[in-house]
Amino acid sequence: MCLRKCCFVSDSGLIAFGKAAGSLESLQLEECNRVTQSGIIGALSNIKPKLKSLTLVKCMGIKDIDVEVSMLSPCKSLRSLTIQNCPGFSSASLAMVGKLCPQIQHVDLTGLYGITDAGLLPLLENCEAGLVKVNLTGCWNLTDSIVSALAKLHGGTLELLNLDGCWKITDASLVAIADNCLLLNDLDVSKCAITDAGVSILSHATQLSLQILSLSGCSDVSNKSVPFLKKLGQTLLGLNLQHCSSIGSSTIDLLVENLWRCDILS
């Protein structure tokens with residue numbers, strides 16, 4: 001079920017629908033601005049046992065409220081949670097959803113610039129199944145501490161991690177990823193504070209087999225990273241070096257020549 005720009009749909013309608021739709025597996029709300037956090041909680045508590053995917057996009061009515069989560073029935077069937085560009089959905093809401101949905105494996109929090117390490121940590125700690133895909137694009141308040149926690153808690157299952165635009169993320173996060181992530185094959189650290197040292201760390205991680213790596217906009221990654229990128233190229237199928245101002249065109253040509261099976265964006 002997808003409700004897009006349904007401006008008259010409110011919490012009561014969503015909750016009533018949740019109670020009636022016992023077989024619903026996927027619910028998507030886009031620009032439904034009368035729906036609040038109460039409606040989302042009610043839907044999660046009532047749509048059972050088959051709801052696997054919940055997507056919220058640009059729902060401006062959602063704001064943090066205090067709710068006693070222990071009084072609510074968890075939604076153990078939910079596997080995928082996407083919350084994109086809902087500015088009112090911040091740390092408190094995220095912590096609550098994490099407690100309500102312990103079996104989540106795919107998380108997309110694109111554009112939630114208000115969330116912090118403290119807000120995301122309860123979700124990471126409550127995910128019992130192990131996270132597989134995590135997209136934190138534009139969550140620019142997050143730091144190396146939360147990436148380290150993510151790597152330690154879910155390094156055995158994590159396959160995709162997108163940190164595009166998280167400008168507080170540094171090489172320290174790559175150390176945690178290199179030490180803990182066993183299955184990671186798609187990593188995006190575009191516009192992060194990554195340097196040549198960080199690329200070196202990734203290249204020396206024996207258990208990593210990256211297939212996709214994006215360093216777009218990492219201005220501190222330079223020509224010095226060539227030997228490290230060559231080493232990573234043993235497994236890479238895609239490499240994004242767009243807007244890497246410290247990497248020269250001749251270096252790109254050299255990489256294209258050496259990494260012949262890897263698609264390189266420059």
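Modeller: Gladly! Let's start with Glu30, which has a relative accessible area of 16%. Please keep in mind that this is a predicted model.

Colleague: Why is Glu30 called buried?

Modeller: Buried means under 20% relative accessible area, and Glu30 has 16%, so Glu30 counts as buried. Arg4, with 48%, is partly exposed, because that label covers values between 20% and 50%.

Colleague: What makes Glu30 and Arg4 a salt bridge?

Modeller: The cut-off is 4 Å between the side-chain nitrogen and the carboxyl oxygen. Here N and O are 3.1 Å apart, so the pair qualifies as a salt bridge. Glu30 lies in strand β2 and Arg4 in strand β1, so the pair ties together parts that are 26 residues apart in sequence.

Colleague: How many salt bridges are there by this rule?

Modeller: The count comes to two. Lys191 and Asp164 form one of them, with their closest N and O atoms 2.8 Å apart. Lys191 sits in the loop between β8 and α7, and Asp164 in the loop between β7 and α6, so this pair links parts 27 residues apart in sequence.

Colleague: Is Asp164 buried or exposed?

Modeller: Asp164 has 17% relative accessibility, so it counts as buried. Lys191 is partly exposed, at 45%.

Colleague: Why is helix α2 described as largely enclosed?

Modeller: Because eight of its 10 residues are buried, helix α2 is largely enclosed by the rest of the structure. Among the buried ones are Ile40, Ile41 and Leu44. Their cover in α2 includes α1, β2, β3 and α3.

Definitions and conventions:
Residues are numbered from 1 along each chain as its sequence is written. This is a predicted model: local features need pLDDT of at least 70, side-chain atom pairs count only at pLDDT 80 or more; totals for chains, interfaces and linings use all residues. Side-chain values use heavy atoms; hydrogens and water are left out. Buried means under 20% relative accessible area, exposed over 50%, partly exposed in between (1.4 Å probe, protein chains only). Helices (H or I, at least four residues) and strands (E, at least two) are DSSP runs, numbered from the N terminus. Contact means heavy atoms within 4.5 Å.
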